[in-house]
Every structure is written in structure tokens, then in C-alpha cells.
Amino acid sequence: MPTSSSTSSSGRNKPRTHQGRDHMTRIAFIGLGNMGGGMAANQAKAGHEVMAFDLSAAALDRAAAAGCRPAPSAGDAVEGADVVITMLPAGPHVRAVYRDEIAPRAKAGALFIDCSTIDVESARAVAAEVTALGFRFADAPVSGGAAGAEAGTLAFMVGCAEADFAAIEPVLAPMAKAVIRAGDHGAGQAAKICNNMVLGISMIGVCEAFALAEKLGLDPERFFEIASKSSGQCWSLTTYAPWPGLVESAPSNRDYQGGFATAMMLKDLKLAQEAAAKAGATTPLGAQAEALYALFDRLGAGGKDFSAILQLFRGVAP
Ligand code: NAD
């Protein structure tokens with residue numbers, strides 16, 4: 001895991017509004033959705049010149065209101081940029097945008113950072129293509145959701161050449177509470193899907209336990225109090241309790257609105273299963289978690305926070 005030279009947790013403490021023009025970097029930001037919108041805004045707040053592009057005019061308008069300069073295309077945005085950051089839906093979008101828009105128009109030696117969550121294979125393929133053209137590349141997926149994107153408190157898991165990390169970390173700092181180098185190209189994506197596979201499995205385990213506790217007539221509050229201090233303790237229980245009324249900030253207290261959507265969890269579990277199949281890894285609980293989240297999604301819960309899967313085990317409509 002990370003060494004001190006490959007880890008930073010300095011983002012939250014850095015001044016975000018006036019870094020000074022001498023530190024100004026010209027950044028192209030492509031993909032301004034739920035995540036990219038807040039991230040690009042934090043780069044603008046940090047005093048950088050941010051050339052922004054999204055296929056959605058509404059997203060582009062929001063970025064302009066947050067201090068970014070809208071560009072007419074991704075290719076136009078990257079022209080003259082020192083750094084290109086992408087935050088796109090999936091592997092095919094990332095492959096196409098780097099191949100067709102970014103690589104042909106970016107300036108020599110520019111630094112490319114893809115923060116999207118995509119398959120390891122696509123991340124490695126894009127890295128190979130653009131580094132062969134003389135660009136530097138990092139896959140740097142994030143944890144922290146839209147709230148973390150807006151607050152500038154994301155955790156970045158970075159896959160890059162060791163020599164490039166020193167240049168990458170300060171670029172990510174205005175958006176980050178932690179920047180950790182996971183390893184070489186693709187390692188950031190590998191870390192992200194392994195982490196989220198743990199999260200999906202552990203949330204299901206916690207939800208099953210609450211549903212069983214209820215059937216056994218055990219008060220959920222007492223169960224929470226006991227398991228929080230016992231070996232059942234984990235993040236899904238104590239930070240993100242799926243049973244309402246136990247952890248104030250948890251989406252379970254807001255009818256499972258906001259947070260991390262079931263559809264997003266399903267996407268990450270699918271990526272984990274695809275990667276496991278290609279690598280020959282045995283991940284039966286990851287496969288089961290994918291199947292359960294696919295079922296929950298089909299029941300219409302795709303937009304609800306992933307902790308709402310509690311209702312599946314309680315037999316309650318999502
Ligand atoms: P989103 O759908 O809100 O945003 C994606 C944006 O990309 C959209 O605005 C879309 O118009 C734009 N886009 C698509 N193709 C484009 C193209 N060719 N050129 C320019 N713009 C294009 O999605 P999001 O929630 O912001 O997620 C983005 C990435 O972050 C995904 O890979 C997701 O898995 C990952 N992620 C999301 C969360 C979360 O909680 N939302 C958390 C961690 C990671």
C-alpha cells in the first residue's frame with residue numbers, strides 16, 4: 001500500500017480561493033456532471049484557468065456560473081492546456097474522447113488525468129496510446145460522491161508512472177482530502193473497484209443482519225449499539241447505517257435520497273466482476289452482490305442510495 005512519498009492528505013487545508021496567479025495552471029475539464037461540475041468549480045476557485053466542456057449545455061452553463069470558461073468542444077478546451085482532467089460516464093466515452101478529441105489537439109507533454117470510474121483494461125489502453133504520443137497519463141478515480149466533489153474532499157486513487165506522481169498530486173489537491181498512488185497505470189481503477197466490491201458486500205451483510213434482528217424481535221437500536229462495539233463493526237454499519245435514526249448523516253434518514261445511487265454501485269460491481277473474470281480471480285460474494293443490486297435496480301431502486309437494499313431483505317417496497 002502507499003508509502004509516505006505517495007500519499008497526501010493536504011487538500012482540505014490548502015487555500016482554495018487565492019493560490020495566486022503565479023501558480024495558475026491552465027486546465028481543460030471535460031465532463032461536468034454530478035461529479036465533474038463540483039470538481040471543475042474547485043479548480044476555478046483555486047485560481048486556475050479552467051476551460052470546460054460537456055455535451056450538456058445545462059452542465060456547461062453551471063460550470064460557467066462557477067467561474068470556468070465554456071469551450072465549444074472538448075478539442076477546443078484542451079488546446080494550450082497544461083493539464084486535461086476528464087470525468088466521464090464509462091470506458092467507451094473515455095477511450096473515444098482521448099482518441100478523437102484530446103490527443104490530437106493537446107499541447108506536447110501535457111498531463112492527462114482521467115477521474116472517471118472505468119474498466120482497468122480501458123484505463124491501460126488509453127494510457128498506452130497517449131504515453132506513446134509523449135503525454136503523461138494517470139487514472140485517478142475517486143471516492144466521496146457528489147458531496148465530496150462539491151466540498152473538495154474526494155479521495156483519489158492514482159495509477160501513474162512513479163515519476164509523474166509529484167506533478168499529479170498538487171493538481172488534484174484543490175479537489176481532494178487524500179491523494180494516494182495505488183501503482184502503475186490501471187492500479188487506480190483496480191483499487192476503486194476492489195474497494196467498492198468490499199463496500200457492496202459489507203452493506204448487504206449489514207442489511208441482512210438488520211432484517212434478521214427485526215425478525216428476531218431485537219431492537220435495531222440495541223443491535224446497532226452492540227454491533228458497533230463488537231466484531232460486526234464496519235463502515236457500512238457505523239458511518240452509513242442503513243436503518244433510519246441511527247446515524248444522522250446517513251441517507252437512510254432522508255428516505256435514501258442522495259448518497260451513492262444503487263445504479264452506481266451496480267456499475268462498480270459489474271466492473272469488478274468483469275475484471276475478476278479476465279484476471280481469473282474467485283469472487284463469489286462480489287458476484288452475489290452484483291446479482292442482488294441488479295435485482296434491486298430492476299425493482300426501480302436505481303436512483304436510491306445503495307443502503308436502501310435493506311428494504312429488499314425486509315420485504316418492503318423500495
Ligand atoms: P454524470 O452522468 O452526472 O456526468 C457525466 C457527464 O459527462 C455528463 O454531464 C455528460 O453530458 C458528460 N459527457 C458524456 N460524454 C461526453 C463527451 N463525449 N464529451 C463531453 N462530456 C461528455 O456522472 P457523474 O455522477 O458525474 O459520474 C462521472 C464518473 O464519476 C462516472 O465514471 C462515475 O462512475 C464516477 N463516480 C461517480 C460518483 C457519484 O457518486 N456520482 C462517485 C464516484 C465516482
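Ile27 counts as buried, because its relative accessibility is 1%, where buried means under 20% relative accessible area, exposed over 50% and partly exposed in between, with a 1.4 Å probe and protein chains only. The model is a predicted one, in which local features need pLDDT of at least 70 and side-chain atom pairs count only at pLDDT 80 or more, while totals for chains, interfaces and linings use all residues. Residues are numbered from 1 along each chain as its sequence is written, and side-chain values use heavy atoms, with hydrogens and water left out.

Ile27 lies in strand β2, residues 26-30 (strands are DSSP runs of E with at least two residues, helices runs of H or I with at least four, numbered from the N terminus). Apart from neighbours within four places in sequence, Ile27 is in contact with Gln43, His48, Glu49, Val50, Met51, Ala81, Val83 and Ile85, contact meaning heavy atoms within 4.5 Å.

The largest nonpolar core has 37 residues, and Met203, Phe210, Phe224, Leu237, Tyr293, Phe306 and Ile309 have the most contacts inside it; such a core is a set of buried Ala, Val, Leu, Ile, Met, Phe, Trp, Tyr and Cys residues joined through side-chain atoms within 4.5 Å. Two or more residues of this core are given by each of α8, α9, α11 (262-279) and α12 (284-301), and the largest share, nine residues, comes from α8.

Two packed helices are described by the angle between their axes and the distance between the axes. Helix α8 (residues 187-215) packs on helix α9 (residues 220-228) at an angle of about 135°, with the axes 10 Å apart; axes are lines fitted to C-alpha atoms, for helices over the stretch in contact, and angles run from 0 to 180 degrees between N-to-C directions. That angle makes α8 oblique to α9, given that angles under 35 degrees count as roughly parallel, over 145 as roughly antiparallel, 65 to 115 as roughly perpendicular and the rest as oblique. The contact joins Ala209, Phe210 and Ala213 of α8 to Pro220, Phe223 and Phe224 of α9.

Helices α11 and α12 pack at about 150°, with their axes 9 Å apart, and are therefore roughly antiparallel to each other. Tyr293 is one of the α12 residues that meet α11, where Thr262, Met265, Leu266 and Leu269 are among the residues in the contact. Leaving aside neighbours within four places in sequence, Tyr293 also has Gly200, Met203, Ile204, Phe306 and Ile309 among its contacts.
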